[in-house]
Amino acid sequence: MATTPALLVLAHLRWDFVFQRPQHLMTRAARDRAVYYVEEPIFGERQDHLNYRRESCGVTVCTPHIQSGHSPAESQARTARLLSGLVEAKGLLDYDLWVYTPMELPVTAGLSPRVTVYDCMDELANFKGAPPELRRRESQLFERAGVVFTGGQRLYEAKSERHPNVHPFPSSVEVGHFAQARGGLGDPADQATLPRPRLGFYGVIDERFDTALIAEVARRRPEWQFVLVGPVVKIDPAELPRAANIHYLGMKGYAELPAYLAHWDVALLPFARNAATEFISPTKTPEYLAAGVGVVSTGICDVIRPYGDLELARIADGPDGFETACQAVLDEAGTAAARLRQERADRYLSALSWDHTWAQMAGLIEDAAPTAHAPAHASHVLLTGSDD
């Protein structure tokens, strides 16, 4: 019986970073195939080499170590040689290639995958510090692709005109994991002493996070405690709002998140309205709802559609509107209206799961694979998605 092809993943996020779309999907892929998750290189004085470690979920994390002092092109050529060596060492006669960032396209030189997958989580070219070559390399990747998946409706609309075979896959959720927040979990020690009400956010705190909005609402409502969980990336920590009622608790593991949510009164999506947020589809939206916490978001397209339109989340921009929406969640707590809203959210979430998302993606990859009578390079796959 034929075995499922291995999956070679070129990632722009460390495996141990915030647990999000790549980890959800690759954990599921590893259930029936070998998955090699290749991180971006670490540069140093030693000779080029590739470190491996196998995670308990079955994913093998591979970290290239590249000798420093070379041009970007030469460094990528060196990484390409390491990946070719990986394929040879592991005896990967039949494998698919999954690319998360077009910038790493040159490191695929020498590889002959059955299918190429591009999982564009975000419109990376709109992010702070994005290299100008990114758009050109994405165009090259489109030329090699056979199918496109997007992580949300807005990104689908942007990519569908660039490829004939595009499928939207919005952020999904592990409902059972986050529903633990409704089951009486203990309050984590670093927030247990904070007064109520608590308005919480978890995720990456970067240029997408509206620091000015949080600063102003926190100033207006000193009795509200703002609990911010997650790493600070690409912004100067000195620029973060500071106040007695703003609490930075740092990065937490995926397993810890339900306990924090269990003791929040409002769950926040305080994203700035800028180029970096135009195409995002926050994974935390359905996670917050699965935890049973009322949600307030700024006007992000993929939160408005569907969560705002279905009145599962409140949408508000600017300090006045955001403050009013948060107060509405607090006022509604414990009422029949809140219970009905949660019942509707639960019905909607019942149709979402990362298992289902991966099964659909895997099927589309197989549909795009070359037939026995077609050349191996005739079909490639492009997947795009979004998260924070």
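Which are the buried residues of helix α10 (residues 301-308)?

**View 1. The buried residues of helix α10.** They are D302, V303, Y307 and G308. Buried means under 20% relative accessible area, exposed over 50%, and partly exposed in between (1.4 Å probe, protein chains only). The four cover an arc of only 165° around the axis, so they sit on the same side of α10. That arc is taken from the directions from the helix axis to the C-beta atoms. Their cover includes α4 (153-159), β13 (266-269), α9, β14 (295-297), β15 (314-315) and α12 (336-349). Helices (H or I, at least four residues) and strands (E, at least two) are DSSP runs, numbered from the N terminus.

This is a predicted model: local features need pLDDT of at least 70, side-chain atom pairs count only at pLDDT 80 or more, and totals for chains, interfaces and linings use all residues. Residues are numbered from 1 along each chain as its sequence is written, and side-chain values use heavy atoms, with hydrogens and water left out.

**View 2. Aromatic pairs.** The structure holds 11 aromatic pairs. Rings of Phe, Tyr and Trp (its six-membered ring) pair if their centres lie within 6.5 Å; planes under 30 degrees apart count as stacked, over 60 as edge-to-face and the rest as tilted. W98 and Y100 form a tilted pair, 6.1 Å centre to centre, with 50° between the planes. Both W98 and Y100 are buried. Y202 is buried at 6% relative accessible area, and Y288 is buried at 0%.

**View 3. Salt bridge between K159 and E138.** The side chains meet at 2.9 Å, N to O. A salt bridge is a side-chain nitrogen of Lys or Arg within 4 Å of a carboxyl oxygen of Asp or Glu. K159 lies in helix α4 and E138 in helix α3 (residues 133-144), 21 residues apart. Both K159 and E138 are buried.

**View 4. Salt bridge between R198 and D187.** The side chains meet at 2.9 Å, N to O. R198 lies in strand β10 and D187 in the loop between α5 (175-179) and α6 (189-192), so the pair ties together parts 11 residues apart in sequence. R198 is buried, at 2% relative accessibility. D187 is partly exposed, with a relative accessible area of 25%.

Definitions and conventions
Contact means heavy atoms within 4.5 Å.
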